[in-house]
Amino acid sequence: MIPDMILFILLAIVAVTSALGMLLSRSAVYSALNLVLNFGTVAVLYLLLGAPFIALAQITVYAGAIMVLFLFVIMLLGVEQLRKGSALPWQQTLAIISGLLLLALTAYVIFIRPMTLPQVSPTQLGFGTPGAIGEILFNKYLLPFEVTSVLLLVAMIGAIVLTGKREPKTKT
Amino acid sequence: MWLSEAVSSGPQFFYLVPLVVLFPVIGLLVNTAFGGRMSEKAIGWLASAAAGLSFVVAVLLGISLLSYPEGAVVPIVDWITIGELNINWGFQVDTLSVTMMLVVAGVGTLIHIYSIGYMHDDVRFQGDPGRYQRFFVFMNLFIAMMMILVSADNYLMLFVGWEGVGLCSYLLIGFWYDKGENGIGNAVAGKKAFIANRIGDFGFILAAFIMFWVFGTFEFNAVFELAPEVASLFPAAIVAITLLMLVGVTGKSAQIPLFVWLPDAMAGPTPVSALIHAATMVTAGVYLITRSAALYNLVPQVQNIVALVGAATALFAATIAVGQFDIKKVLAYSTISQLGFMVAAVGMGAYVAGMFHLVTHAFFKALLFLSAGSVILGLEHAHHHMEHNSQLKLPMDENDLHFDPQDMRNMGGLRNRMKISFWVYLIGAIALTGIPPLAGFWSKDEILTDAANFNPLAYWMMLAAAFLTAFYMGRQILMVWFGKPRSLPAEHANESPPIITVPLIILAALAATGGALNLPMWHTFTHWLEDSLGHLHAAEFSLQIAGLSSFLVLAAIFLAWLLYGRKYQAMQELPPDKRPDDPLRPILGPVFNALNHKWWVDELYWTIIINPYVSLAHFLADVVDWRFWHDWFHDTVIVGGYNKLTQVLSIQIDLGVIDAVANKLGDSVKRAAAKWRVIETGYVRNYALSFFIGVVLILGYLILR
Amino acid sequence: MVPIQYFIGLSAILFTIGILGVLIRRNAIIIFMSVELMLNSANLAFITFARMYQSLDGQVFVFFVMAVAAAEVAVGLALIVAIFRNKQSIDVDQINSLHG
């Protein structure tokens, strides 16, 4: 109980800190690296929650594939220093106030309002393993799984079309 | 040989009957289309040939009727089919219709031939030779229409002919439409004839409507078969039909009260007067009553009315004829009078006598008119000749510039200058007055005999009319032909050419011998018509009546001789300013004036009918239509009101309300948009913030509610 | 075992940070990364509830979210590249031609 708690608190602190780092850092590269750290922390949290397959997929897909793609794009476009000053004076203030309000609402729901959450039972053996996930994925969710492949194909084609070289014709 | 074949083959010849209509139609079509390029002679002879061929067909029909006297109905085509009503265009071939065909085509042909000569001169005196063609087109059209009238097998087809001859009459009365009083006199005469006929035709149409309502058919045979049954069920219907038909007859056959158009109809060329207004068309009424004998026999009270109308007309018109000076007007009133005889005869049920008189009258009245035309032509010739001859110009005085070639006071002594015309005229006059053994005597005597048996009142009226007939004819003969010429043209008049005199001689022969049709001993005509009209009684010859009428006629002629043979000649010696124009004037005084003015019937009609009608029409047109309807109701109420309404609608409603609302709406939308466009910053973060605030608010509401 | 509420709270904090990133930052790439962060926090909530209900459906759903996120990243980054080509900038405030 207590080691779990300590581990969670540590992980939570790292996750929030890295997220804030992502949010606040000047450079896009630092933001990306902060985000990688955040994703890794969250992956450990997944393990903690009995989802080893998802945790590994998280590291592979997010930290491995997506964030690398981000870094490539950042390097491709160059790290741009944006102009200071915003065209929207109230934007930042309103956003922070709304965010705090959302957090307050969440806190109210979770901690103050009496909630009847079911007692968490210990994890069964084999819960969340690749075998179990594969079992349910290829039986119950076969059709969405196949549709996912189409989705990925479309995304690939869309990316190629969007970034592909245009004919000079569009200049006109 | 051919004729014997016709006699034996009989009914086949009945199918020739459409040709009696077709030939004149062909004639008129050819003359209409090609007349402009044909010579006058060709036009005239073509039209005459068309009429002549019709006559030949009628003769063939007559011959085949000798062996098949029951006749036939020859249907040609379905004419009108409306629901139950089915009207054929069919021809009735029986002894009655063929008699009419023979008269119409026979007399018509002679008058056509006569017209070739007469119109040749007439169109030149009147100054428009181009109308020669039109004259013969109208004449052929008349023959065709008259044939349709007499050959119809139903009342509706008869009505087509009835209207058609009325149209031809109108066209030919107004033939010289630019002549006459004030340049419109002839046109007015034509209009008068047309309107008077229209009043009569209206009666005929109403009769036809009632007939359709009661009988459901127009065919002669069907109607006559049903008639007795209908008469027992709705006696009033038969009375109404026959009375309304009588209205039609008074219009077409110029009976009281609608006779006034016929004297004015003399405005037409003289052959027209002879053919249409003496021999044929005006007798259509007599034919109609004879044809409808089966109906009239059922209603004796109506027959009585018909007889009295006829007899009264006979007497009334005969009195007027005494006071006329126009040679054609005298004959016109004589025609009305004789038509009165016929109508009276058919009204009394003496159909044979009526038809007999119709036939003989067609001969001698056509003859009289045509001879009068010859006289008029002679005088016009002489007058025309003198006007253009400087040597003869000296004796002419002012009066001669307005020379009227139809005025009998300008005539006199013509018997020496126009011998043929004189003799045929004399024959016609004797036939008309009824001196035996000429045609008029036999037919008139038969009418009088029937009248003596059936209707004493009509008998005495007609006897008086016969007396007057003899008197005015004697007066006319003496004024026109005897004594000394009373004008220069009369002194120099010449006989007309043979194309005019030959038809006169033929007609004179017919007028002289026509009485042989129905001599009291044999009753040929009676038996002939019996095949069409059922059993007819034959009037027995009465020596008493014949003697009385002959005595009256001779007495009248003697009286006429006293007045016009001796006294009139003696009066010529008096100086012109003291000389009365007629020996009767000093004797009868104002009565003669009344006769001369036709008893002021025209003036009476003007006073009691036409003037009020015209005033009413003026009132309706000026006050009701123009001022009330047009000025007030239309202009003020409708147009003004509409204008006001549109003004209110356009200015107050449209501009003030609708446009204002629309404009305010648009303006406010524009203003609101101008204010609200600030919200649209175009920054995607801004929109996302709106989402987020919305999400927080909604979540807050859901959680905290 | 750590109470479920803690995980949900962490998820909410991460989600809020993601939202603030989207709303505050002007760099298109960082906005995009914030979106990924939000997806991740949602995934964390899914896994938490899957654990709570002992049901694998939540985990499978996370799997699909990952697939969608991968596709989204591919298309989104391609869009950013395309925008950069046109505008020579990845500042989202420069792209405001829809303003009223």
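A polar contact is a pair of N or O atoms within 3.5 Å; within protein, one atom must be able to donate a hydrogen and the other to accept it. The views below come from a predicted model.

**View 1. B:Gln92 and B:Asp94 are linked by their side chains.** The polar contact between these two side chains spans 3.4 Å. B:Gln92 belongs to strand E2 of chain B, which covers residues 85–93. Is B:Gln92 buried or exposed? B:Gln92 is buried, because its relative accessible area is 6% and the cut-off for buried is under 20%.

**View 2. B:Gln92 meets residues from other parts of chain B.** Set aside its neighbours within four places in sequence. Take B:Ala72: it lies 20 residues from B:Gln92 along the chain, and 6.3 Å separates their C-alpha atoms.

**View 3. Helix H21 of chain B runs from residue 456 to residue 481.** H21(B) has 26 residues. How far does H21(B) reach from its first C-alpha to its last? The span is 37 Å, close to the 38 Å expected at 1.5 Å a residue. Of the 26 residues, 21 are buried, so H21(B) is largely enclosed by the rest of the structure. After the helix comes B:Gly483, with a positive phi near 75°.

**View 4. A:Ser25 sits in a loop between two helices of chain A.** The helices are H1 (2–24) and H2 (28–48). A:Ser25 is buried, with a relative accessible area of 12%. Its side chain makes a polar contact of 2.7 Å with the side chain of A:Ser31.

**View 5. Helix H3 of chain A packs against helix H2 of chain C.** Two packed helices are described by the angle between their axes and the distance between the axes. Here the axes of H3(A), residues 52–77, and H2(C), residues 28–53, come within 11 Å and cross at roughly 175°. That angle makes H3(A) roughly antiparallel to H2(C). On H3(A), the contact residues include A:Ile54, A:Tyr62, A:Phe70 and A:Leu77. On H2(C), they include C:Ile29, C:Met33, C:Glu36 and C:Ile47. What kinds of residue make up the contact of H3(A) with H2(C)? They divide into 13 nonpolar, 3 polar and 1 charged.

Technical notes. Residues are numbered from 1 along each chain as its sequence is written. Chains are lettered from A and ligands numbered from 1 in the order in which they are written. This is a predicted model: local features need pLDDT of at least 70, side-chain atom pairs count only at pLDDT 80 or more; totals for chains, interfaces and linings use all residues. Side-chain values use heavy atoms; hydrogens and water are left out. Helices (H or I, at least four residues) and strands (E, at least two) are DSSP runs, numbered from the N terminus. Buried means under 20% relative accessible area, exposed over 50%, partly exposed in between (1.4 Å probe, protein chains only). Axes are lines fitted to C-alpha atoms, for helices over the stretch in contact, and angles run from 0 to 180 degrees between N-to-C directions. Angles under 35 degrees count as roughly parallel, over 145 as roughly antiparallel, 65 to 115 as roughly perpendicular and the rest as oblique. Contact means heavy atoms within 4.5 Å. Ala, Val, Leu, Ile, Met, Phe, Trp, Tyr, Cys and Pro count as nonpolar, Asp, Glu, Lys and Arg as charged, and the others, Gly among them, as polar. The expected span of a helix is 1.5 Å times one less than its number of residues.
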